[in-house]
Amino acid sequence: MAESFVAIVAEQLLEKIISLAGKETLSLWNLTRDLRRLQETVAYIKAVLLDAEKRQQQNETLRLSLGKLRDVLYDAEDVLDEFRCEALQKELINRRSTTTKLVRFPPLSISFAFPLRMSHKIKKINDKLDTIASDFKRFNLGLEEKVENRRIILRDTHSFVISSNVIGRNQDKENIIDLLVKPTDADKIPVISIVGIGGLGKTTLAQLVYNDERITRFFPLKIWVCVSDEFDLARLLCEIIYSITGERCNGLPVNALQIHLRMLLNGKKILLVLDDVWNEDHVKWMELRDLLMTRGNFQQSKILVTTRSSKVASIVGTIASYKLNCLSHKDCLSLFVKWAFREGDEKIYPNLLRIGDEIVKKCKGVPLAVRTLGSLLYMKTELHEWEFIKDNDIWKLDQNENDILPMLRLSYNYLPSHLQRCLTYLSLFQRILFMILIISSNSGWPLDLLKALSERKSGKTLGYGISKNYGRGGLSKMSRINMDFTDLKSMT
């Protein structure tokens with residue numbers, strides 16, 4: 001999220017340059033050309049910052065360039081503040097000289113040293129920014145092709161699960177199985193969506209259903225595809241064909257792929273699981289759905305989708321979506337014991353179990369958070385180690401790529417840029433809970449804050465947009481976890 005702060009600083013810097021453009025002292029000190037060059041460079045960098053932010057996690061050089069950019073922009077802001085202060089002092093001197101009928105001092109009354117020093121500083125900053133801008137151009141940032149086409153799949157899931165390792169989802173499994181085996185007379189292939197925030201166990205639930213013997217008997221052909229945030233028709237067709245035949249067909253044209261797939265599906269009753277779907281483009285979904293309907297026994301077939309986005313569920317679903325809820329405290333504690341202790345050790349260390357109970361309460365029913373904290377404590381029996389976990393926030397702890405913080409980062413990265421910026425503004429405030437993200441249109445002071453963040457939207461409109469968009473990404477539900485906004489900076 002630090003790069004969003006860079007965007008804010010760049011925007012403020014441009015505003016300061018523009019405000020200084022009309023100053024008389026600018027031309028008197030021969031700084032007009034240097035500031036114009038600074039303005040042009042910062043404007044270009046600001047234009048490509050969103051692209052840079054989305055790609056920096058896959059490019060270490062780009063990430064370092066963004067870090068350097070932040071420091072240079074801060075330096076530039078300091079120089080402009082210094083210039084503005086000196087210019088105001090000069091204007092005040094001249095104003096006083098005029099009102100007291102004194103002889104007005106010529107511009108030369110200000111030391112030559114200041115404009116020379118300022119010119120040197122601005123040129124130095126321009127040189128640094130030019131280097132960073134050149135780096136950005138090497139990465140082809142800001143080109144017109146859609147960002148989706150450049151995204152790298154962040155997750156890759158599979159269908160296997162050991163059912164005995166899953167706690168608290170038996171009833172959810174039964175509910176989904178009932179929906180899958182229930183006959184329908186729809187004229188479209190039935191689609192069931194499992195919806196919930198990141199870390200609730202949507203993929204795990206889909207795995208339980210996929211491997212149940214009743215489902216295996218009911219659907220002779222089962223297919224599992226991890227979609228993630230790249231909903232590319234050719235890739236999905238290749239993945240489906242590979243799941244059926246084991247043959248790779250990457251590089252083939254879409255027409256050849258669809259002909260091959262329709263032959264494979266001819267008359268078959270299938271269960272297709274599309275895991276971790278983010279695509280909100282209805283046209284792309286229709287293309288895939290229509291291909292699956294043409295030759296398969298689609299009225300008896302089913303598609304099971306997992307997603308964090310209620311909008312995705314409404315686009316793809318023909319059957320009401322299934323909202324996955326948090327685990328009970330009892331189930332969370334059982335899950336925590338499974339990950340934090342060797343079998344039977346919880347009885348040997350009752351004092352640690354009591355601390356563990358407090359840790360589980362912080363997780364508020366999110367199983368991935370429970371697993372993350374439990375795994376951090378595995379084989380650790382020192383009291384201070386457990387108290388450290390209890391007293392520190394989850395986002396301050398070292399985690400692996402499949403733990404809770406990277407899952408939250410994925411939700412953040414998928415938000416529209418203006419809402420990323422809004423979240424960044426909110427992170428400036430101490431100890432504000434995520435509850436503000438599900439703000440209602442009738443709230444008081446937070447709406448005034450949100451209104452100040454946008455000159456084009458009213459507080460109600462912006463508040464509604466935040467609630468709607470954060471709901472799509474699942475972040476609003478994370479209001480259940482007490483998160484310090486100042487710690488959100490660590491998410492990148």
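**Close-up views of the predicted model**

**Figure 1. The surroundings of helix 13.** The buried residues of helix 13 are covered by parts of the structure that include helix 14 (345-348), helix 15 (350-363), helix 16 (367-376) and helix 17 (383-391). The model shown here and in the other views is predicted. Helix 13 itself spans residues 329-340 and has twelve residues. From its first C-alpha to its last, helix 13 reaches 16 Å, which is close to the 16 Å expected at 1.5 Å a residue. Cys-332, Leu-335, Phe-336, Val-337 and Ala-340 are the residues to look for, as they are buried in this helix.

**Figure 2. The whole protein, for orientation.** The protein has 21 helices and five strands. Of its 492 residues, 48% are buried. When contacts between residues at least 6 apart in sequence are considered, 80% of them join residues at least 24 apart.

Figure 3. Five strands make up an open sheet with the order 2-3-4-1-5, and their pairing is parallel. Strand 2 (221-228) and strand 5 (322-323) stand at the edges; each has a single partner strand, so one side of each is without a neighbour in the sheet. Helix 9 (residues 233-245) packs on the sheet, where it touches strand 2 and strand 3 (270-277). The direction of helix 9 makes about 145° with that of strand 2.

**Figure 4. Strand pairing within the sheet.** Strands of a sheet pair through backbone hydrogen bonds, either parallel or antiparallel. Strand 2 pairs with strand 3 in the parallel sense over seven bridges, and Cys-226 stands opposite Asp-275 in strand 3. Strand 3 in turn pairs with strand 4 in the parallel sense, over four bridges. Here Leu-274 is opposite Val-305 in strand 4. Strand 4 (residues 302-307) is also joined by five bridges to strand 1 (residues 191-195), and these two strands run parallel. Val-191 stands opposite Ile-303 in strand 4.

Figure 5. Asp-276 has its place in strand 3. Although Asp-276 is not a glycine, its phi is positive, at about 60°. The relative accessibility of Asp-276 is 4%; it counts as buried because that value is under 20%.

**Figure 6. Helix 5 along its length.** Helix 5 (residues 113-138) has 26 residues and reaches 38 Å from its first C-alpha to its last, close to the 38 Å expected at 1.5 Å a residue. Its buried residues are Phe-114, Pro-115, Met-118, Ser-119, Ile-122, Ile-125, Asn-126, Leu-129, Ile-132, Ala-133, Asp-135 and Phe-136. An α-helix has 3.6 residues a turn, so residues three or four places apart point the same way. Asn-140, which follows helix 5, has a positive phi near 55°.

**Figure 7. The packing of helix 3 against helix 5.** Two packed helices are described by the angle between their axes and the distance between the axes. For helix 3 (residues 32-55) and helix 5, the angle is about 30° and the axes are 10 Å apart. Helix 3 is therefore roughly parallel to helix 5, because angles under 35 degrees count as such. Their crossing is left-handed. On the helix 3 side, the contact is made by Asp-34, Leu-35, Arg-37, Leu-38, Thr-41, Val-42, Tyr-44, Ile-45 and Val-48. On the helix 5 side, the residues that make the contact include Ser-119, Ile-122, Lys-123, Ile-125, Asn-126, Leu-129, Ala-133 and Phe-136.

**Figure 8. Arg-289 in helix 11.** Arg-289 belongs to helix 11 (residues 282-295). The relative accessible area of Arg-289 is 9%, so this residue is buried, the limit being under 20%. Apart from its neighbours within four places in sequence, Arg-289 is in contact with Lys-188 and Ile-189.

**Figure 9. Lys-364 in a loop.** Lys-364 lies in the loop between helix 15 and helix 16. Its phi is positive, about 50°, although Lys-364 is not a glycine. With a relative accessible area of 44%, Lys-364 is partly exposed.

Conventions. Residues numbered from 1 in each chain as written. Predicted model: local features only at pLDDT ≥ 70, side-chain atom pairs only at ≥ 80, totals over all residues. Heavy atoms only, no water. Buried < 20%, exposed > 50% of the residue type's maximum accessible area, 1.4 Å probe, protein only. Contact = heavy atoms within 4.5 Å. Expected span 1.5 Å × (residues − 1). Pairing = 2+ DSSP bridges. Axes fitted to C-alpha atoms, helices over the stretch in contact; angles between N-to-C directions. Parallel < 35°, antiparallel > 145°, perpendicular 65-115°, else oblique. Left-handed = near helix turned anticlockwise from the far one by under 90°.
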